[in-house]
Amino acid sequence: MERRVGDVEKKGTAAVASLLEWEYAPAPEARDLVRFEERYGLYVGGEQVEPRSKQWFATTSPATEEQLAEVALAGTEDVDVAVAAARDAFENGWSSLEPSERAKYLFRIARILQERSRELAVAESLDGGKPIKESRDVDIPLAAAHFFYYAGWADKLEYAFPNRRPRPLGVAGQIIPWNFPLLMLAWKIAPALATGNTVVLKPAETTPLTALLFTDVCRQAELPAGVVNIVTGDGSTGAHLVKHAGVDKIAFTGSTEVGKAIQRELAGTGTRLTLELGGKAANIVFDDCALDQAVEGIVNGIYFNQGHVCCAGSRLLVQESIYEPLVAKLKRRLTTLRVGDPLDKNTDVGAINSRAQLEKIRELVASGEEEGAEIYQPPCVLPEKGYWFAPTVFTNVAQSYRIAQEEIFGPVLSVLTFRTPEEALEKANNTAYGLSAGVWTEKGSRILWMAQRLRAGVVWANTYNRFDPTSPFGGYKESGFGREGGRHGLEPYLRFDE
Ligand code: NAI
Ligand code: MG
């Protein structure tokens, strides 16, 4: 059973109809590349253990709502045991290991991730709903690249920070979200281990499976027991980890709301903290840009990973003189996006990660319509089961609308206009967030002028959503603080003689 959503606009109906007639053959990636256990315990001290909490919860596929596995819900005692295992591994071996030996483990992990990349990509797409072409071409290769990159730093810390005697902190508690599960694990674990720390990591409740498969990667790499511990659970598990007195550093990626609560909790404790939170990035298109290239960048900026991206280009700022041709091209491009089965290699937009997230997107989209913005969705067929949302563009958006202010974290773009670079800048910076921005123009001088004035941690020029382990990533304002990636990404895991 299939149903249609979105209205075919009167204009261009014929063109759209001809596009719909053109059918793709299914191109499914093999589901059986990965086999999940029925139940996963916690990974503590190098072993799978039953949770002392005796609690479990299910993780499902958001595309089909089928249950994939049951995982443990770690309670206070479970977190205690995991932190103790990490402390033990830190004191008794890992922190005093030759840095070049530490590097060998990280290189091994990187290579195993590459060897098992197809299996991990399928697992990621099943558990989280993202298109297989993204998990295969972006998430898993970048996760491996992070381990390779930080493996290289492990025995060169003295050169990264000359005359500062860099030393590890101890046990790092790491809490990650559901939008890039294995990649966020890599962003957290690779620099922590390279600098000689041990970790307790908590994956998000809807996407724990690649972190649990990663425990098998650690086993294959013969990583010493207790260096990596994985505690699955929900927000309460995360909160236990944050409050734990035995943790020296917390690294959190997730919502601004939870980030603020963590910062309040840790104020005055001396526990080190980095926060990577939400965003409402401006993707700014000037009239001298390469228009078709910009359209591709806009699409990649907001529809990549269903818009579940903290640095998504969710506010499109278009120079008035090219507004009409640009929006026409964008709408036409949207009709070619294929929404559906995440395991199909032709899918561009997969499933929304959870029912809760789908409800949040629906609520914000309804508010956009109520406040007076004009909605466009291309004609597309959404599966009956699972959580789906059609790619959406809002025009006629005022800066005060919720859809221009709040992070939607879905495939929803808000279009605003500007006349001068000054106005573009003012509008771009008019948000509580400051994670990223995009600038599209032929003029190099304008790119630099904008980049210097945009209050955003990352500014992409004539591209968008490009990631590289050598490049630091992080926010201004309510998007958080601290940097991940690059040499900067080592610093939050080190202390120095000042
Ligand atoms: P969340 O912030 O609740 O979840 C992120 C992680 O934090 C999960 O592992 C969760 O279990 C954990 N967590 C939740 N409460 C905690 C607490 N009190 N102490 C410690 N850890 C805790 O985000 P949620 O509810 O999944 O998504 C809500 C919104 O947050 C999204 O719609 C999106 O706007 C934003 N978000 C931003 C992300 C980013 O990459 N910056 C990632 C995920 C969500
Ligand atoms: Mg899941």
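The model is predicted.

**The sheet**

Select the seven strands that form an open sheet, ordered E15-E17-E18-E14-E13-E19-E20. Their pairing is mixed. Go to the edges next: strand E15 (374-376) and strand E20 (458-461). Each has a single partner strand, so one side of each has no neighbour in the sheet. On average, neighbouring strands here are turned by 20 degrees against each other, direction ignored.

Now pick E13 (residues 282-285) and E14 (residues 315-319). They pair in the parallel sense, over four bridges. Show Val285 and look across: Val318 in E14 stands opposite.

**The helices on the sheet**

**Inside strand E18**

Zoom to Ser414, in strand E18 (residues 412-418). Is Ser414 buried or exposed? Ser414 is buried, because its relative accessible area is 0%, and the cut-off for buried is under 20%. Its side chain reaches the backbone oxygen of Ile403 at 2.9 Å. Display the contacts of Ser414 beyond four places in sequence: Ser314, Arg315, Leu316, Phe394, Val397, Ile403 and Ala404.

**The salt bridges**

The whole structure holds 26 salt bridges.

- Select Asp216 and Arg116. Their side chains meet at 2.8 Å, N to O, in a salt bridge. Asp216 sits in helix H8 (residues 209-220), and Arg116 in the loop between helix H3 (99-115) and helix H4 (117-128). The two are 100 residues apart. Asp216 is partly exposed at 25% relative accessibility; Arg116 is buried at 13%.
- Select Lys130 and Asp139. This salt bridge spans 2.6 Å, N to O. Lys130 is buried, at 3% relative accessible area. Asp139 is buried too, at 0%.
- Select Glu320 and Arg419. Their closest N and O atoms are 2.9 Å apart, in a salt bridge. Glu320 lies in the loop between E14 and helix H12 (323-334), and Arg419 in the loop between E18 and helix H15 (421-429), so the pair ties together parts 99 residues apart in sequence. Glu320 is partly exposed at 37%, while Arg419 is exposed at 58%.

For the last stop, show Arg116, Glu119, Asp216 and Arg219 together. Salt bridges with shared partners join these four into one network.

Technical notes:
Residues numbered from 1 in each chain as written. Chains lettered and ligands numbered in written order. Predicted model: local features only at pLDDT ≥ 70, side-chain atom pairs only at ≥ 80, totals over all residues. Heavy atoms only, no water. Buried < 20%, exposed > 50% of the residue type's maximum accessible area, 1.4 Å probe, protein only. Polar contact = N/O pair within 3.5 Å; in protein donor to acceptor, adjacent residues only side chain to side chain. Contact = heavy atoms within 4.5 Å. Pairing = 2+ DSSP bridges. Axes fitted to C-alpha atoms, helices over the stretch in contact; angles between N-to-C directions.
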